[in-house]
Amino acid sequence: VKKTQAERFVSGEAKLCVATDAIGMGMNLPAAKVCFTTIAKYDSKNQRTLLPSEARQIAGRAGRFGIKESGEVGALTHEHLKILTNLLAVEPPALEYARVSVELSDLKNLKGPLVDRLEFWEKYLAVPEDLKDVILPADIEEQKSLARFIKEEDLHHMGLETVLTLIKAPASRKTLGYWCACVRALLDKKPLPVPVLHSTADLFNGDTLLKAELVVEQCDIYMWLSHRLESQGYTVEQEAVLQYKWQLIEKIDVTLCSACNLQQTCSKCHRKLPVLHTYSVCDHCFRGGRKNFFSKPVHKKFRLP
């Protein structure tokens, strides 16, 4: 969907491209201007301010060399613009180390639950003495969080190689339920469940659109595992899943380009909320709710006997 939307912008069919920070990760768009709607991001642990290197990478999409002679970068608020200006003024430090990921051979000779093995590897990474200052373990927090769902008897039943493949799958909090269903299928020696969107609507509303995106992510997990477990016969529907995924992507793209109204509305009065509104109720309902709350007597009136 991102690729299709980007191509529409490149061709000039769309004059505005709204994107996540992924726009700074290799998409060469002919953008003259980049506007930051926020200067914070969620890094799977906390909501934090962008790093100077991240801000530069995204801002660098304005005025691409060879496509535009120059570019402009801005923000939606004066406060964000000030922070952004300071971030872009910082010279990013030179890279001082490389990271390596855990492999099957690293865990084979270790004993105990998989989470303990991963933590041991993370703490006592075996590297040559002269490289210890420049090689560090990769961030494996997501792999450890998935490994906690694997019991030790399940590890012996499926084998370390299969389990290591499972915890490296592109699963997230939203797709955890589907990932667990895949684990159960492998334990029962059954084919992996095929992702399905339980809706027949031609055009999605906002809620169904999110469900469609979730099913696409589930398809990604299925396809990722199919390339690694193909020889074991658990992913026999990979062609059908791939075709279904592209059908959903086409519908999502049509929805994003249609006149379908996906703007959020107030949960109380159902008025349209401003773009990037933080809360689920509008300011009018919020003020009215506060007024009604504080107008109620908290204590009964005290009367002398």
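Predicted model: local features only at pLDDT ≥ 70, side-chain atom pairs only at ≥ 80, totals over all residues.
Start inside, with the largest nonpolar core, which has 49 residues. Leu 107, Leu 114, Ile 167 and Trp 179 are the ones with the most contacts inside this core.

Now follow helix 11, which covers residues 238-257. How far apart should its ends be? At 1.5 Å a residue, its 20 residues should span 28 Å, and the end C-alpha atoms are 29 Å apart, which agrees. Next, find the buried residues of helix 11: Gln 238, Val 241, Lys 245, Leu 248, Ile 249, Ile 252, Asp 253 and Thr 255. Looking down the axis of helix 11, you will see these buried residues fall within an arc of 160 degrees, so they line one face of the helix. On the face turned away from that buried side sit the exposed residues Glu 239, Gln 243 and Glu 250.

Finally, turn to the second largest pocket, which holds about 450 Å³ of space. Its lining includes Pro 92, Pro 93, Ala 94, Leu 95, Glu 96 and Tyr 97, along with Lys 45, Arg 99 and Asp 139. Counted by type, the lining residues of this pocket are seven nonpolar, one polar and four charged.

Terms used
Residues numbered from 1 in each chain as written. Heavy atoms only, no water. 1 Å grid on protein atoms, 1.4 Å probe; cavity = no way out; pocket = protein on both sides within 12 Å on 5 of 7 lines; lining within 4 Å. Points joined across faces, edges and corners; volume = space filled by probe spheres on them. Nonpolar A, V, L, I, M, F, W, Y, C, P; charged D, E, K, R; others polar. Helix = DSSP H or I, 4+ residues; strand = E, 2+ residues; numbered from the N terminus. Expected span 1.5 Å × (residues − 1). Buried < 20%, exposed > 50% of the residue type's maximum accessible area, 1.4 Å probe, protein only. Arc of directions from axis to C-beta. Core = buried A, V, L, I, M, F, W, Y, C linked by side-chain atoms within 4.5 Å.
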